[in-house]
Amino acid sequence: MNAAIIFVLLFGLMLTGMPISISLGLTVLTFLFTMTDVPIQSVALKLFTGIEKFEIMAIPFFILAGNFLTHGGVARRMINFATSMVGHWHGGLALAGVMACALFAAVSGSSPATVVAIGSIILPAMVRQGFPKKFGAGVITTSGALGILIPPSIVMVMYSVSTNTSVGKLFMAGVVPGLMLALLLGLTTWYLARKHNYPRLPKASWAERGAAFRKSGWGLFLIVIVMGGIYSGAFTPTEAAAMAAVYAFIIAVFVYKDMSLKQVPKVLLDSASMSAMLLYIITNAVLFSFLVTSENIPQAMAAMITDSGLGPITFLLVVNVLLLLAGNVMEPSSIVLIMAPILFPVAMKLGIDPVHFGILIVVNMEVGMCHPPVGLNLYVASGITKMGITELTIAVMPWLLTMLAFLALITYVPQISLWLPNLVFD
């Protein structure tokens with residue numbers, strides 16, 4: 001009964017168009033003060049202890065690093081490198097877009113950032129080359145979603161915070177699925193480009209490839225710093241994020257000199273406002289999960305599901321449907337913070353691996369970012385391409401179907417996500 005009241009309240013407030021963070025907070029406060037006798041002090045305490053986790057510090061740093069890289073010409077050099085490698089195949093520039101998104105995803109940790117950084121450079125180039133605008137928009141919108149699957153990833157940090165799963169393991173687990181999805185999106189792109197005979201670029205010589213690689217080397221080295229640093233044990237994921245931010249700043253301002261010192265305060269401000277927004281959602285989501293757990297909702301759900309005889313297979317199917325539906329109305333960070341604490345105990349009870357479950361949630365979030373009405377990537381892409389959301393939705397279709405097929409694969413073949421972390425950590 002209480003569960004019904006809580007969720008009706010939450011969705012009611014969200015339907016009024018109130019920001020998710022505030023609807024979460026209000027739901028909790030209304031319920032606690034009218035239906036229970038929880039003292040106000042414990043709410044205040046929970047607000048603070050909720051974001052006192054060391055892992056959460058990684059989020060502002062990854063956002064900052066991503067912003068320096070977006071404005072600092074790193075994306076452009078990655079695109080040139082990718083073009084020199086795959087530009088001579090069918091749909092060369094589009095394939096280079098997928099590859100560049102994968103490379104940029106490995107340094108940024110956020111999907112919208114990847115779409116902006118790569119899309120704003122490669123889309124105009126594709127249109128000039130004679131690709132239909134729809135095709136370019138479809139490629140970049142979906143490949144940009146790699147930003148949250150290929151580590152480092154902000155969404156994985158959120159999952160780790162809400163379920164106490166190791167961030168290092170999650171990052172490791174994202175590598176194989178991330179590369180696989182990049183390959184599948186690339187194949188879809190190549191197939192469509194071959195079918196419609198889209199333009200190709202002249203083949204680059206190895207000397208040109210070498211030069212392009214050297215120029216983008218500074219940016220690509222960031223991947224080595226973050227991933228290498230975490231797995232050699234040199235620093236924790238949070239420290240890696242801070243290192244990334246400092247390194248990105250040095251590259252953008254002093255090495256590539258694409259950004260003047262005058263522009264730095266603006267980047268800092270943008271990152272601060274973005275971080276504040278995310279941290280505020282986290283704070284309220286922590287409160288919400290505190291309320292949900294104190295009302296024993298996850299436990300009741302776990303009991304209900306195990307009693308009804310749902311096996312892991314059906315449960316995972318239900319989770320996918322649930323998350324895809326949630327993806328229709330909420331953005332990824334909120335979904336992870338609200339759903340993970342509720343679904344996680346059930347998954348554990350059914351013997352599903354916490355890391356595999358995390359990757360499954362992340363892939364669901366990727367799909368959600370590319371379909372309306374709240375697909376973040378769609379809005380970002382529509383801003384770059386000046387196309388309407390409906391038009392974009394149709395453009396994204398072929399890649400979206402590829403992603404759904406990939407989701408099914410990830411759901412029922414846990415080895416894809418678990419092979420690497422088990423190899424490294426055992």
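Good morning. I begin with charge: the protein chain carries 20 positive and 14 negative side chains, counting Lys and Arg as positive and Asp and Glu as negative, with His and the chain ends not counted. The centres of the two sets lie 20 Å apart, each charge being placed at NZ of Lys, CZ of Arg, CG of Asp or CD of Glu.

This is a predicted model, in which local features need pLDDT of at least 70, side-chain atom pairs count only at pLDDT 80 or more, and totals for chains, interfaces and linings use all residues. Residues are numbered from 1 along each chain as its sequence is written, and side-chain values use heavy atoms, with hydrogens and water left out.

Of the 426 residues, 55% are buried, that is, under 20% relative accessible area with a 1.4 Å probe, protein chains only.

The largest nonpolar core holds 149 residues; such a core is a set of buried Ala, Val, Leu, Ile, Met, Phe, Trp, Tyr and Cys residues joined through side-chain atoms within 4.5 Å. Helix 6 (residues 92–108) supplies the largest share of this core, 13 residues. I118, F135, F315 and F357 have the most contacts inside the core.

Finally, what does F357 contact beyond its neighbours within four places in sequence? Its partners, with heavy atoms within 4.5 Å, are Y159, F315, L316, V319, L343, F344, A347 and I352.

How values were computed: Buried < 20%, exposed > 50% of the residue type's maximum accessible area, 1.4 Å probe, protein only. Helix = DSSP H or I, 4+ residues; strand = E, 2+ residues; numbered from the N terminus.
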